[in-house]
Amino acid sequence: MKMIHFPEVQSTNTWLLDHLSEGDDMADETVVYTMRQTAGRGQMGNSWEAEPDKNISFSMLLCPEFLPIREQFLISQLCSLAIVEALDELVEEQGLSTEDLSLSIKWPNDIYAGDMKLGGILIENRLVGTTFQHCVLGVGLNVNQTRWIGNAPNPVSLKLLGMETDSLTVLEKVTRHISELYNALRCNKEMAVAIRERYMQRLYRKTGYYAYYDPKRDEHFDAETVGVDVQGPLMLRLASGERRKYWFKDVKFVLPCGVTKE
């Protein structure tokens, strides 16, 4: 795994994508990281706030030519699962309880602790015909930040959760877990089933009825999670028995604080 460090950069995803577009030859699993990202990007054009020298932002290049395009959501599941399992390891090393922290994956790939957002993932794929050219995983994790000046409704950090660690330790654990899971999938395609099952076990709101909002219908409703389709949409079931399939941004989670989140 090649590691490229920048003391400061606008966006690790943008840097990687720009250099790939210029024809730079980069190895599979190249990682670009920084603790000063000045223009971090989130899903669907959202920004990512990170206080300088408090958190870790990184992007990892993957070349999953072995994976059919129709299964590209598996990369999102793999990455988010690897992160929560890496954080489990860190929690246990510090003598804390993984159950108390309630680390989970909010569909499709946000990292949550209870009802608070600990990290986010932005995945940008480049396809050629029916195969992957490359995939760039952008990850932002809140490590030691304790104050946010933006409008993020529910941020939290490892420090606020009672963990004393540094960003480079988190980076090492997370990238190692992603690499191990990625290479396990490369060597054994049957790992896809295990990844999807483990992802479902760590899903935020995986059991019980919770509040959601459908902006197209302008409708608030309660539903339980039935599953996640292979291609990525969330499958919900209302108390009436009606089943609905939602793609990203088509449904919002209503958090306990009353805020709706995609």
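In this predicted model, six residues come together in one aromatic cluster: Tyr-112, Tyr-204, Tyr-212, Phe-221, Tyr-246 and Phe-253.

Zooming out, a search of the whole structure turns up 9 aromatic pairs. One of them is the pair made by Phe-73 and Tyr-199, with 6.1 Å from centre to centre and 85° between the planes, an edge-to-face arrangement. This pair ties together distant parts of the chain, since Phe-73 sits in helix H2 (residues 73-93) and Tyr-199 in helix H5 (residues 191-201), 126 residues apart. Both Phe-73 and Tyr-199 are buried. As for Tyr-212 and Phe-221, their ring centres lie 5.9 Å apart with the planes at 25°, so this pair is stacked. The cut-off behind that label is simple: planes under 30 degrees apart count as stacked, whereas those over 60 count as edge-to-face.

As a rule, most residues other than glycine have a negative phi, and most peptide bonds are trans. Against that background, the peptide bond running from Trp-107 to Pro-108 is cis, its omega being near 0°. Pro-108 belongs to the loop that joins strand S4 (103-106) to strand S5 (110-113).

For Asp-53, phi is near 65°, and the residue lies in the loop between S2 and strand S3 (56-62). Asp-53 has a relative accessibility of 45%, so it counts as partly exposed. For Lys-249, phi is near 80°; this lysine is placed in the loop between strand S11 (243-246) and strand S12 (252-254).

Over on the surface, Asp-18, Glu-22, Asp-24 and Asp-25 gather into a patch of negative charge. Asp-24, one of the four, is found in the loop between helix H1 (12-21) and strand S2 (31-34). With a relative accessible area of 33%, Asp-24 is partly exposed, because that label covers values between the buried limit of 20% and the exposed limit of 50%.

Methods: Residues are numbered from 1 along each chain as its sequence is written. This is a predicted model: local features need pLDDT of at least 70, side-chain atom pairs count only at pLDDT 80 or more; totals for chains, interfaces and linings use all residues. Side-chain values use heavy atoms; hydrogens and water are left out. Patches are made of residues with over 30% relative accessible area and no salt bridge: like charges are joined within 9 Å, nonpolar side chains (Val, Leu, Ile, Met, Phe, Trp, Tyr) within 5 Å. Accessible areas come from the Shrake-Rupley method with a 1.4 Å probe; for residues, only the protein chains shown count as cover. A salt bridge is a side-chain nitrogen of Lys or Arg within 4 Å of a carboxyl oxygen of Asp or Glu. Lys and Arg count as positive and Asp and Glu as negative; His and the chain ends are not counted. The place of a charge is taken as NZ of Lys, CZ of Arg, CG of Asp or CD of Glu. Helices (H or I, at least four residues) and strands (E, at least two) are DSSP runs, numbered from the N terminus. Buried means under 20% relative accessible area, exposed over 50%, partly exposed in between (1.4 Å probe, protein chains only). Rings of Phe, Tyr and Trp (its six-membered ring) pair if their centres lie within 6.5 Å; planes under 30 degrees apart count as stacked, over 60 as edge-to-face and the rest as tilted.
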